[in-house]
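Subject: Handover of a structure

Dear colleague,

Please find the structure below.

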Amino acid sequence: MRRLLVVAYFFPPVGGIGIERTLKHVEHLPDFGWQPVVVTAANSGYRIVDPASVARIPAGTEVHRAGSVEPAHLRRGLASLLGRGGRTASVAAPASGAGGGGGLRGLANAAWAAAIPLAFFPDEQLLWLPGAVRAGRRAHRSGSVDAIYSSSPPISGHLAAGILAGRLDRPWIADFRDPWIGNAFAKRLPAPHRALQRRLERWIVQRADRVILSTGRIRDAYAERYPDQAHRLVHVPNGYDRSELTVGSAPEGEADEVFRLIYAGSVYGERELDLFLDGVEVALRRRPELRERLRVEFVGWFSEANLATAARRLPPLDPVVRHLGHRPRPEAIALERRADAGLVLIAGGEHRDAVATGKLYEYIGLDLPVLAVTPPGEVREILSGLDWGVAADPTPDGVADGIAAIVDAPRPARSADPDGRYERRTLTARLVEVLDEI
C-alpha cells in the first residue's frame, strides 16, 4: 500500500456537503492500493458540526488533528461573555446563522462580517495552517507518505499541503471543490487582497503536480487563466454513493396527492430564495390547486440574508414552502427519498454557469427527478447528458413553468445514471489514475 497524506479541514465531525468528496475518496482509496492518512481540524469553528458523522470515517483510518484559533471561536466566546454580563449587543450572529438583529447588535454584526475576511486572509482557517503542517510532518514520521492530496475550501489547506510537499519532497495534488478566483458566491475583496489572492492561487497551480477541478467549466476557466499549466489541470466531478443513499428500507410514502419538491443543502446566494418564492407565487396564481398539492421543503443551512427572507416571506406560503433547517445526514437522505423531485437553484450572474452543486449528484444517485432552476451551463449540460430532469430559466416565470412541468411529468421508470459515471468509487478511480501518474 502506498500512503497518501490527505489535508482536509472539512472532515468529520464537521458536517455538511463539503465533507463528502474527501470522505468518499478516503473510503475507496484502499481498494486501489492507496492508504489515506488524514490531517484535519481538532476544533473546527465551522457552523455545521455533526458528531455522529465521525462514525462514517472508515475503520482503521489514521487521522491527525491540528488545533485552530478561528474568528468563530472568538465570536462565540465574546457573545457568551456579553450575554452573561446582561448586555444586549453581540459581536456577531452565532454560527447557526441566526439573524443579525438591529441597532447596536446589527452594527456590530455588520462590522465583524466586514472585518474578518480582511484580517483573516486567505480564510478564517489561517491559524490552522501551522498546526496542519506540524501534523503532516508527524504523520510522515509515523510512516513515510508517498504523495499529498489537499482539498479546498479553505485555501489554507492547500497552503499547508504546498509547504509539506516542499519539506517532504513529495508530489502534490490540489483539489478545488470550488474555484477561489471566480467563485460565484464569494464577496468581492479589496484590491490589495485580490492581488495577493492572484499570487497565492498562481503559486498553488504552479507548485502542485496536478490540480483537480470539480466541474468542466471551472477547469476551462483555470486553463484560460493559466495556459502554461493547462496540462496539469484535471476535471473530476462530484458524485454519489448509491449504497449509502439506498441503505435500509425505503420510507413509506403518504397516501395523498401531494407532490414533494426538496432542496437538500445550504442556500448561499442571496438572490436565489427570493427568486424561487417569486416563482412559487406566480405558479399559485396560475394554478390555485397547487396550494393543496405542492409541498416544497428546504433542508439545510440558510445565510442570515436568507433567514431574513424566510421570516418575511414564508408565513404567507405555509404550508406550500417550509424551511426545515439543517438535519443530520441520514435524516436528510430519508427526506430526499420521500420526495418526488429534487430542486437545484442557481440565480443568473457572473460565473454561475460553472456551478454544479453537490445535491445535484445525490438526486441523480437516488433516481430523483430534478428541477434545475439555473442559467445555461454545467448543471444543464450534466442533466442533458443523462437525458434527465427539467431545466427552467432563473426568472419568476421560469420557476413557475418549471414547477408545472415537474409536477405534471410522470416519474421516470429508468435509472438516472445507468452507467454509473458519477458513482463515487468510479471517481476515486479517476483520482487514483492521477496519483499513479505523479
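A residue is called buried when its relative accessible area is under 20%, exposed when over 50%, and partly exposed in between, using a 1.4 Å probe and protein chains only. By that rule E362, with a relative accessible area of 6%, is buried.

The model is predicted: local features need pLDDT of at least 70, side-chain atom pairs count only at pLDDT 80 or more, and totals for chains, interfaces and linings use all residues. Residues are numbered from 1 along each chain as its sequence is written, and side-chain values use heavy atoms, with hydrogens and water left out.

Overall form

The chain contains 16 helices and 13 strands; these are DSSP runs numbered from the N terminus, with helices (H or I) of at least four residues and strands (E) of at least two. Its C-alpha trace spans about 65 × 60 × 40 Å along the principal axes. Of the 438 residues, 53% are buried. Helix α1 (residues 20–28) is mostly covered, as eight of its nine residues are buried.

Salt bridges

Side chains of opposite charge can pair when their charged atoms come close. A salt bridge here is a side-chain nitrogen of Lys or Arg within 4 Å of a carboxyl oxygen of Asp or Glu. The whole structure holds 33 of them.

E20 is buried at 2% relative accessible area, whereas R56 is partly exposed at 23%.

E362 forms another with R329, their closest N and O atoms being 2.5 Å apart. Because E362 lies in helix α13 and R329 in helix α12 (residues 329–338), the pair ties together parts 33 residues apart in sequence. R329 also counts as buried, at 17% relative accessibility. A network of salt bridges links E20, K24, E27, R56, D241, E244, R329 and E362.

A charged patch

On the surface, R134, R137, R138, R141 and R167 gather in a patch of positive charge. Patch residues have over 30% relative accessible area and no salt bridge, and like charges are joined within 9 Å. Helix α4 (residues 129–142) supplies the largest share, four residues. R141 is found in that helix and is exposed, with a relative accessible area of 64%.

Yours sincerely,
A colleague

Key
Patches are made of residues with over 30% relative accessible area and no salt bridge: like charges are joined within 9 Å, nonpolar side chains (Val, Leu, Ile, Met, Phe, Trp, Tyr) within 5 Å. Accessible areas come from the Shrake-Rupley method with a 1.4 Å probe; for residues, only the protein chains shown count as cover. Lys and Arg count as positive and Asp and Glu as negative; His and the chain ends are not counted. The place of a charge is taken as NZ of Lys, CZ of Arg, CG of Asp or CD of Glu.
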